[in-house]
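Let's walk through this one together, a stop at a time.

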Amino acid sequence: MKRSVLSLAVGAALVISDATACTTIFVGENASSDGAQYIARNEDMNPANPKVLQVNQEKVNKDTEFKTNLNKFTYTLPEKAMRYTTIPEWNDKGQFRFSSNGFNDAGVGISATETIFANEASLKIDPYVEDTGIIEDAIPDVVLPYVSSAKEGVMRLGKIIEEKGAGEGFGVAFIDKDGIWYLETGSGHQWMAAKIPANTYYVTANQGRLEKFDMNDKENYLSSPTLISFAEKNGLYDPKKDGEFNFKKAYTKDDAKSDGYYNYPRVLVLQKMYNPEIKTDFKDVKSNDFPVFLKPAKKLGLEDIKAGLRNHYENVGTSPYATTYPDTTKRPISVFRTQHSHILQVRKDLPKEIGNVRYIAFGMPTLSVYVPVYYGPDSYVEAYTIGSPQADNASAHWKFRKLQTLAMIDFNKYSKIVQAEYSKQEAEFAKEQQAMEKEYLSIYKTDPAKAKQLLQDFQNKVMQDALNTTDKLTNIIMQDLTNSVNERYRFKGA
């Protein structure tokens, strides 16, 4: 994500800063312990701006011209839009923006976007079309309701980039029962996409990381028509000197000074988590020469992905939250300004209503709980569908954010309490999911209405349970802080 934000420093006032932040993880079906496929990302922006869950029902577009909220991008849409889910941001102008992720009725999922940057040479020739090009705010809503496969999603987005231009640099993930595709922009009108090998995982943090491109292998690679010829013509790629075409080297920005603080550490810590045999020194990482697709040392499960998105370098002994004043020498994966974290899971042997699940953690994932959000339900508990940039007592966003704000006052003390309770709850959710899914499968063909109600009731229950636990934790920490303040300001006498 790349937007102007308010960032909160511990013990300091609110200050305006420019944030460019997201961390992304993909796991192919043969690299996962349960045979599922996963795309996941932390969406890092303004901690005060709420995210809300939406179900967008199938409809006929009365007005087929889409207009984005943040620039002058427009695009003509097909007449019919299929049902799809999203988690947009609700702002104080009454706009739903940055729909972020979701699934559609064809079983396609999207996560948009990972902010990336093209190099100066490519942008000098083909700059971003900032005024009218497609941007993060628009991508899910102009793509997801109109595609029937992950590959088709890449092709639709790629066509838009070619026709209208990219308004900023981004990476977008698509997932369906046949695999995971990832598209990266290379300049204003150039892009490439690769299908993630099923026996690998991929991690990225605000940098273009795709390298190999085979123009003859349309099953695994797609691109703008002139990707290589444009690079050759404009001096971005010289076959005689450079050898095999490398997308990252031709198009992507790499700055060891800034990326060494901001991006490299996040990629390395995840690769070291999933491949402990990697010996690169975390304290002195200076290069972007990380493997692109890796086979994990052991197959990865949902809990491994959660742990990756929650990581704040605690496993390498440099957590910025473990000191009185934040250690800002390396930007961690889980930050306070994370608006939400999502993990999209596709289990292709199950009906999409229960096979396509989003695990959503509101706010900072280190201090939040991942709630399973199934594709099937038509509604959610109201608290998850409302919000305001001003603090309130009703929205899920502010319930989670208030708890996280209190816990950050003394992270070493309160994070243990929060994490223990949420870990227990996630384990309970997993058991309840297993039982519900078993019952759902036993009845959905013969009594679809009963199966749908079963799923809706389960969805309501886990969402409400998460809110109840959050309220309980908030009161526990508030009680402790009240006692601490009283001890600090105790005066002698009656």
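**A tour from the loops to the helices**

Start at Asn 206, which counts as buried because its relative accessibility is 1%; buried means under 20% relative accessible area, exposed over 50%, and partly exposed in between, with a 1.4 Å probe and protein chains only. Before going on, a word on the ground rules: this is a predicted model, where local features need pLDDT of at least 70 and side-chain atom pairs count only at pLDDT 80 or more, while totals for chains, interfaces and linings use all residues. Residues are numbered from 1 along each chain as its sequence is written, and side-chain values use heavy atoms, with hydrogens and water left out.

Back to Asn 206, then. You'll find Asn 206 in the loop between E18 and strand E19 (221-223); the helices (H or I, at least four residues) and strands (E, at least two) here are DSSP runs, numbered from the N terminus. The side chain of Asn 206 makes a polar contact with the side chain of Arg 266, at 2.7 Å. A polar contact is a pair of N or O atoms within 3.5 Å; within protein, one must be able to donate a hydrogen and the other to accept it, and residues adjacent in sequence count only if both atoms are side-chain atoms.

H8 (residues 264-274) is mostly covered, with nine of its 11 residues buried.

Now follow the chain to the loop between H9 and E20, where Asn 311 sits. Asn 311 is buried, with a relative accessible area of 1%. Leaving aside residues up to four places away in sequence, Asn 311 touches Val 269, Met 273, Pro 332, Ile 333 and Ser 334, where contact means heavy atoms within 4.5 Å. Tyr 313 is in the loop between helix H9 (302-310) and strand E20 (338-346) too, and counts as buried at 0% relative accessibility.

Tyr 313 also has a backbone worth checking: its phi is near 70°, a positive value in a residue other than glycine. Most residues other than glycine have a negative phi, and most peptide bonds are trans. Phe 98 is another one to look at, with a positive phi of about 50° although it is not a glycine. Phe 98 lies in the loop between strand E12 (96-97) and strand E13 (101-103), and is buried at 3% relative accessible area. For a cis peptide bond, go to Ala 112 and Thr 113, where omega is about 10°. Thr 113 belongs to strand E14 (residues 109-115).

Next, is Tyr 237 buried or exposed? At 11% relative accessibility, Tyr 237 counts as buried, in the loop between helix H4 (227-233) and helix H5 (239-242). Its side chain reaches the backbone nitrogen of Phe 245 at 3.3 Å. Beyond residues up to four places away in sequence, Lys 72 touches Asp 131 and Thr 132.

The last stop is helix H11 (residues 396-407). 10 of the 12 residues of H11 are buried, so it is largely enclosed by the rest of the structure. The cover includes E20, strand E21 (356-362), helix H12 (411-443) and helix H13 (448-488).Take H12 from that list: H11 and H12 pack at an angle of about 140°, with their axes 8 Å apart. Axes are lines fitted to C-alpha atoms, for helices over the stretch in contact, and angles run from 0 to 180 degrees between N-to-C directions. That makes H11 oblique to H12, oblique being what is left once angles under 35 degrees count as roughly parallel, over 145 as roughly antiparallel and 65 to 115 as roughly perpendicular. On the H11 side the contact is made by Phe 400, Leu 403, Leu 406 and Ala 407, and on the H12 side by Phe 411, Tyr 414, Val 418 and Tyr 422.
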